[in-house]
Amino acid sequence: MPVENSRIPGFYKKTVEERLDIIAQLVGLDESEKKLIASWGNLDPAIADAMIENVIGVMAYPMGIAVNFKINGKDYLVPMVIEESSVVAAASNAAKVMRRDGGIQTVATDPIMIAQIQLVNVKNPFYVKMKIIEHKDEILDLANKQDPVLVRLGGGAKDLEVRVLDSPLGPMVVTHLLVDVRDAMGANAVNTMAEKVAPLIERITGGRVYLRILSNLADRRLVRAWVKVYKEDIGGEEVVDGIVAASAFAWADPYRAATHNKGIMNGVIAVALATGQDHRALEAGAHSYAAKTGVYKPLSTWEKDEDGNLVGTLEMPMAVGIVGGATKVHPIARLALKIMGVSTAKELAEIMAAVGLAQNFAALRALATEGIQRGHMKLHAKNLALMAGATPELASRVAEIMVSEGRITFDRAKELVEELTGREQS
Ligand code: MEV
């Protein structure tokens with residue numbers, strides 16, 4: 001029920017239990033509903049409470065394992081957390097036909113993140129740009145003093161670029177710090193550096209700094225993946241042609257490219273969730289990179305080689321980390337990394353790109369042949385059967401019947417559950 005007044009002074013100061021009690025009272029949650037919200041499962045309430053504000057409970061999502069992945073000659077089991085049916089199955093099926101020749105090939109660049117420092121109130125922006133460049137070593141030194149551990153690990157601020165922007169408020173001089181963040185996602189490291197060097201840039205230029213923040217268009221931290229899929233493994237050259245046509249459609253049309261890229265992100269984000277990444281940063285990076293030419297384009301391309309086989313390539317930013325943030329504190333994120341057996345952020349980025357490419361292939365293959373609804377409907381039917389009270393074993397039987405009848409509705413699922421359980425009991 002809607003609440004009359006959402007103003008709850010000092011809510012953030014209460015304990016987790018007190019907050020849940022307050023909410024329960026305000027909106028009328030009963031004891032069983034409260035218990036459900038506070039079923040902490042694999043996340044300790046103290047950790048949850050430290051991760052975000054105003055915590056009252058947790059929400060569990062399914063974690064599945066995509067099997068069959070071979071990437072750069074190495075086998076991987078890939079944990080995926082997602083609410084959408086078919087994604088894990090599709091990734092696993094795609095990976096199965098991508099195992100030849102060492103599997104999916106990938107390579108990530110050095111993990112370079114960009115921090116932006118926005119300078120305004122400058123009369124002679126081009127001269128100011130040179131002044132900043134003149135003090136490059138001093139600026140980089142000051143940035144690196146903020147993170148000696150990162151520097152010791154081989155990372156740190158490596159370079160600096162200065163851009164003069166034409167804005168609605170007149171010219172702005174924007175400095176980019178290029179920071180190698182090693183195994184971190186890097187937001188904290190680069191934001192700290194940007195904040196620390198801002199006063200120095202003001203002193204050098206006499207201008208005024210406002211924003212000091214990373215850019216999610218992480219185009220210095222790219223990952224590339226490519227694969228050959230043999231035509232005989234996927235139903236012949238006609239299927240290859242269909243996938244190539246789908247790819248060309250995405251290249252020609254932003255409306256299609258958005259959906260094409262969404263299919264890639266189905267895989268990327270599911271792994272990101274399982275491993276506790278900042279998935280909003282990944283989405284922002286992916287879509288801004290897709291639009292880098294000024295026209296929104298697909299992140300992957302599918303072509304036919306001289307033998308009629310399908311070859312696919314993907315290039316996108318991938319700002320992921322395996323130290324710090326939720327990756328560090330969430331026990332399941334740590335276990336997800338253990339299941340994958342990854343030891344560097346670069347390796348994780350490469351796996352995620354491979355999963356994105358496989359996921360994209362699976363979608364295009366389905367779309368270019370039977371359509372995606374058949375597979376979707378099978379899983380949807382099973383979900384309906386579960387909602388109608390079927391046990392997992394019974395749900396598969398109910399789903400099969402509904403699919404064969406072509407009647408996939410909750411009412412039919414209920415009827416079948418009653419019929420089949422009644423028959424089994426009598
Ligand atoms: C659905 O989650 C993803 C697809 O729409 C991707 C695509 O159209 O390529 C199937």
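Predicted model: local features only at pLDDT ≥ 70, side-chain atom pairs only at ≥ 80, totals over all residues.

Visitor: Fine. What is the strand order in the open sheet of 4 strands?

Guide: The order is β3-β8-β10-β9, and the pairing is antiparallel.

Visitor: And which strands stand at the edges?

Guide: Those are β3 (105-108) and β9 (300-304). Each has a single partner strand, so one side of each is left without a neighbour in the sheet.

Visitor: How are neighbouring strands turned against each other?

Guide: On average the turn is 10°, with direction ignored.

Visitor: How many bridges join β8 to β10?

Guide: There are 8 bridges between β8 (residues 222-229) and β10 (residues 310-317). As one example, V227 has G312 in β10 as its bridge partner.

Visitor: Now the helices. Which strands does α9 lie across?

Guide: Helix α9 (residues 237-252) lies across β9 and β10, and runs at about 145° to β9.

Visitor: And α11?

Guide: Helix α11 (residues 279-290) lies across β8 and β10, at about 115° to β10.

Visitor: Changing topic: how much space lies in the largest cavity?

Guide: The largest cavity holds about 70 Å³, and the count of cavities of 30 Å³ or more is 1.

Visitor: What gives the most to its lining?

Guide: Helix α14 does, with 3 residues. Both β8 and α14 (345-368) supply at least two lining residues each. The lining includes L222, V223, A345, K346 and A349.

Visitor: What classes do the lining residues fall into?

Guide: The lining of the largest cavity has 8 nonpolar, 1 polar and 2 charged residues.

Definitions and conventions: Residues numbered from 1 in each chain as written. Heavy atoms only, no water. Pairing = 2+ DSSP bridges. Axes fitted to C-alpha atoms, helices over the stretch in contact; angles between N-to-C directions. Contact = heavy atoms within 4.5 Å. 1 Å grid on protein atoms, 1.4 Å probe; cavity = no way out; pocket = protein on both sides within 12 Å on 5 of 7 lines; lining within 4 Å. Points joined across faces, edges and corners; volume = space filled by probe spheres on them. Nonpolar A, V, L, I, M, F, W, Y, C, P; charged D, E, K, R; others polar.
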